[in-house]
Amino acid sequence: PTKRTLWLQAVDLERKHGTATSLDEVLEAASERLPRTEIFWLVRAKEKWLAGAVDESRSILTEAFKANPDSEPVWLAAGKLE
């Protein structure tokens, strides 16, 4: 699907009833299908960071930069990570 609202609902469902792995899978799929929608990149990076996977979080933000080079929220998230 390419509808942002459907992906947001899927993320919410996984957050409430799924596992960390299933949430990551949904966020990854959403980021791939809607790469210009920053929220999916940001939430995925934050979830990885909260789980202690800082290098994975960095990698996600690097990919987010490629898709959204002028995104202030992505830049700010990267700054907070460091």
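Helix H5 gives the most to the lining of the largest pocket, with 5 residues. Helices here are DSSP runs of H or I with at least four residues, numbered from the N terminus. The model is a predicted one, so to speak of local features takes a pLDDT of at least 70 and side-chain atom pairs count only at pLDDT 80 or more, while totals for chains, interfaces and linings use all residues. Residues are numbered from 1 along each chain as its sequence is written, and side-chain values use heavy atoms, with hydrogens and water left out.

Back to the pocket. Its space comes to about 230 Å³, a volume being the space filled by probe spheres set on grid points that are joined across faces, edges and corners. A pocket, on a 1 Å grid over the protein atoms alone, is an open set of points where a 1.4 Å probe fits, with protein on both sides within 12 Å along at least five of seven lines; lining residues have an atom within 4 Å of a point. Helices H3 (38–50), H4 and H5 each supply at least two lining residues. Among the residues of the lining are Trp 49, Ser 57, Pro 73, Lys 80 and Leu 81. By class, the lining holds 8 nonpolar, 1 polar and 2 charged residues; Ala, Val, Leu, Ile, Met, Phe, Trp, Tyr, Cys and Pro count as nonpolar, Asp, Glu, Lys and Arg as charged, and the others, Gly among them, as polar.

Val 54, in helix H4, touches two of these lining residues, Trp 49 and Leu 81, not counting residues up to four places away in sequence. Contact here means heavy atoms within 4.5 Å. Val 54 and Leu 81 sit 27 residues apart in sequence, yet 7.8 Å apart in space, C-alpha to C-alpha. Val 54 counts as partly exposed because its relative accessibility is 28%; buried means under 20% relative accessible area, exposed over 50%, and partly exposed in between (1.4 Å probe, protein chains only).

Next, the aromatics. A search of the whole structure turns up 1 aromatic pair. Phe 65 and Trp 75 make up this pair, which is tilted, at 4.5 Å centre to centre and 55° between the planes. Rings of Phe, Tyr and Trp (its six-membered ring) pair if their centres lie within 6.5 Å; planes under 30 degrees apart count as stacked, over 60 as edge-to-face and the rest as tilted. The pair links distant parts of the chain, with Phe 65 in helix H4 (residues 54–67) and Trp 75 in helix H5 (residues 72–81), 10 residues apart. Phe 65 is partly exposed at 22% relative accessibility, whereas Trp 75 is exposed at 51%. Beyond its neighbours within four places in sequence, Phe 65 is in contact with Val 74, Trp 75 and Ala 78.

Arg 44, in helix H3, counts as buried because its relative accessibility is 14%. Its side chain makes a polar contact with the side chain of Asp 24 at 2.7 Å. Such a contact is a pair of N or O atoms within 3.5 Å; within protein, one must be able to donate a hydrogen and the other to accept it, and residues adjacent in sequence count only if both atoms are side-chain atoms. Ser 31, in helix H2 (residues 20–33), is buried too, with a relative accessible area of 2%. A polar atom of the Ser 31 side chain lies 2.9 Å from the backbone oxygen of Leu 27.
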